[in-house]
Amino acid sequence: MNEDKNISYLNKDFTSFKTALQQYAKTYFPATYNDFSEATPGNLFIEMSSYVGDVMSFYLDTQVQENFLLYAKEKENLYAQAYMMGYRPKASYASSTTVDIYQLIPSASGVPDYNTYGLLIPANTQLTSNSTGTKFITTQQVDFTDTGSTEITFFDDNYYLFKKSVPAISAEIKLTTITIPANQKFAVSNISDTNILQLLNVTSSDGNQFYEVPYLAQSSIFQKGINSTSGSDGVPYLLQLQRTPRRFVSRFLSDNTLQLEFGAGVSNKTDSQIIPTADNIKAGSVPGISSITNNYNEAAVYFSQEYGLAPSGNLQVKYLVGGGITSNIPANDLTIIDTSGISFKNTPGPLSSSVLLSVISSNPDPSTGGRNGDTTEEVRQNALYSFSTQLRTVTKEDYIIRSLSMPADYGTISKAYITQDFNKNPQETVAYSLPNNPLALDLYVLSYDSNKKLNTASTTLKNNLVTYLNQYRMVTDAINIRDAYYINIGINFDINVSSGYSNKDVLTNCIASLQDHFNIDKWQINQPIILSDIQSKLLQVKGVQSVIKVEVVNKQGGTYSQYGYDIAGATRKGNVYPSLDPAIFEVRYPNTDIQGRVVVS
């Protein structure tokens, strides 16, 4: 759009200036100058003046155009306007994949001794591509003493082979040192590197950490707190809000240099020690002059009035670099793993050396998503979108997306559904009569267990979600976090098989097709089961002549959901509808809960 649009603020060019000057001379100096032929000296001066006017008009039009995000062409101007709109341009995009990490566990009395020999592989463990040398890091910790989601295979009489899968991104951790002069307000320092992905931390020489914030006036940051009950509720960290006087902002410049800017304060007080009393707020006002219309704001009063402390001396910056189009690697290529940070979680036995040497890695699928940074048009479009949202949750869809995007360190919301308040108490699922709050919304959530089965979200997870959403919700919104229901079902079907096809092969393919159809990632809360879709899936399997029967049955109790459901009563016109209370259907064990038969008609 910007290449086809040019704003003409003055709408003047060489010809229009020349015509205007000639007309001016004819009007005001008819007797003094009347020879307007091309070869005259007077026409030379007119054309020189027209040339100067044309150039100045061009630069004026260009400067005006660069003030509009929709039409700006210069990358530097686009970046500045993008930050003003709340969008942070990307210098590079990391490629991602899933890595399988293996280790051998010695056998003790015929069972794997994982408590003794289980390894702890920390997050940010370095992996290297065998073919291209591209660096990857793991994004989560791997604990082989936790057998949940672990694939265990008999290796030989002395060992078992353990496998865990972990996400990895194309990145490498780097360190650099920047120097900030003493007593410099709003100090700025640049990091010149290629494909910078993210800042990890900034630490001063005295060990104090500076925290990145979206803008210097914001003093609150999300901070991790160790969850002492993480073993029971699956939430590694508690999400906490912390005020900090040591903060900075970062922004990418048009040359992909990362710029850091710090505050201007020199006070030793933390933000929490500065109380916004009436006297503090009025400090600095001119006596005797009315201050009724003064623009008092939280940034100028509560946040130490100095936008964070100004650092001095050396700062160590840790950051990630990587990504780019060349970071997309083929499958089975991440076979080089750095074992220097790997350790035993517990005191190991005599076979520890051989166990450490047994660690290997591989990526079963190619890595994808790596590409170069934003183009100018991408910066423009993303900034326009960012301005309309401004990190606020306004619509119901905003709340769902924000809930699902909470960082996994604080627990993962797997399913979310939002509707108007149904007169229930927050954090409860039992209804009773209360006046309806027209501004309240009910957010129904579910989580996964370690085997990716639907589960009720723990209290810790919901508390983290409350803290997370409070930073983005509108001040007039009230959000009630509630538990959704999950209904476990099974699928029974009968089919006819065409002649010339193996009954066993066709039946296996039918079950695989329905397993894909009922993959829990594809299902949402309050989504009905359409029986005709199941029949269509079966008919698309090669060798299926006809579908005789499709039956949905309820699975309840034991390892299934505690809630029973009347499938027959909920079926209307070939559709199985969920309950009035928000609920989701789940085939909990696809390998056994989907059963089919080949019948002869």
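Two strands are taken as paired if DSSP finds at least two bridges between them. Helices (H or I, at least four residues) and strands (E, at least two) are DSSP runs, numbered from the N terminus. The model is predicted: local features need pLDDT of at least 70, side-chain atom pairs count only at pLDDT 80 or more, and totals for chains, interfaces and linings use all residues. Residues are numbered from 1 along each chain as its sequence is written, and side-chain values use heavy atoms, with hydrogens and water left out.

In β7, Asp143 is the bridge partner of Leu120. Strand β4 (residues 119-121) is joined to β7 by two bridges, and the strands run antiparallel. Both belong to an open sheet of three strands, in the order β7-β4-β20, with antiparallel pairing. The edges are β7 (142-143) and β20 (343-344). Each has a single partner strand, so one side of each is left without a neighbour in the sheet.

Aromatic contacts were examined next. A pair of aromatic rings is described by the distance of the centres and the angle of the planes. Rings of Phe, Tyr and Trp (its six-membered ring) pair if their centres lie within 6.5 Å; planes under 30 degrees apart count as stacked, over 60 as edge-to-face and the rest as tilted. The whole structure holds 16 aromatic pairs. One of them, Phe210 with Phe262, is edge-to-face, at 5.6 Å centre to centre and 85° between the planes. This pair links distant parts of the chain: Phe210 lies in strand β13 (residues 209-212) and Phe262 in strand β17 (residues 258-262), 52 residues apart. Phe210 is buried (under 20% relative accessible area; exposed is over 50%, partly exposed in between; 1.4 Å probe, protein chains only), with a value of 4%. Phe262 is buried at 0%.

The ring centres of Tyr565 and Phe585 are 6.0 Å apart and their planes stand at 65°, so this pair is edge-to-face. Tyr565 lies in the loop between β29 (544-555) and β30 (571-572), and Phe585 in strand β32 (residues 583-586), so the pair ties together parts that are 20 residues apart in sequence. Phe585 is buried, at 3% relative accessible area. Tyr24, Tyr28 and Phe29 form one aromatic cluster.

Charges also sit over rings (NZ of Lys or CZ of Arg within 6 Å of the ring centre and within 35 degrees of the ring normal). Lys26 lies over the face of Phe36, 5.1 Å from the ring centre. The charged end of Arg371 is over the ring of Tyr93, 4.1 Å from its centre.

Helix α10 (residues 396-404) has Tyr399, Arg402 and Ser403 as its buried residues. On the other side of α10, Glu397 and Ile401 are exposed.

A nonpolar core is a set of buried Ala, Val, Leu, Ile, Met, Phe, Trp, Tyr and Cys residues joined through side-chain atoms within 4.5 Å. The largest has 38 residues, of which Ile489, Phe493, Ile495, Ile529 and Ile534 touch the most other members. Elements that each supply at least two residues include β24, α12 (503-517) and α13 (531-539). β27 gives the most, with eight residues. Beyond neighbours within four places in sequence, Ile489 is in contact (heavy atoms within 4.5 Å) with residues including Phe518, Ile529, Val552 and Phe585. A second, separate core of 27 residues includes Ala91, Ile178, Ala187 and Val321.
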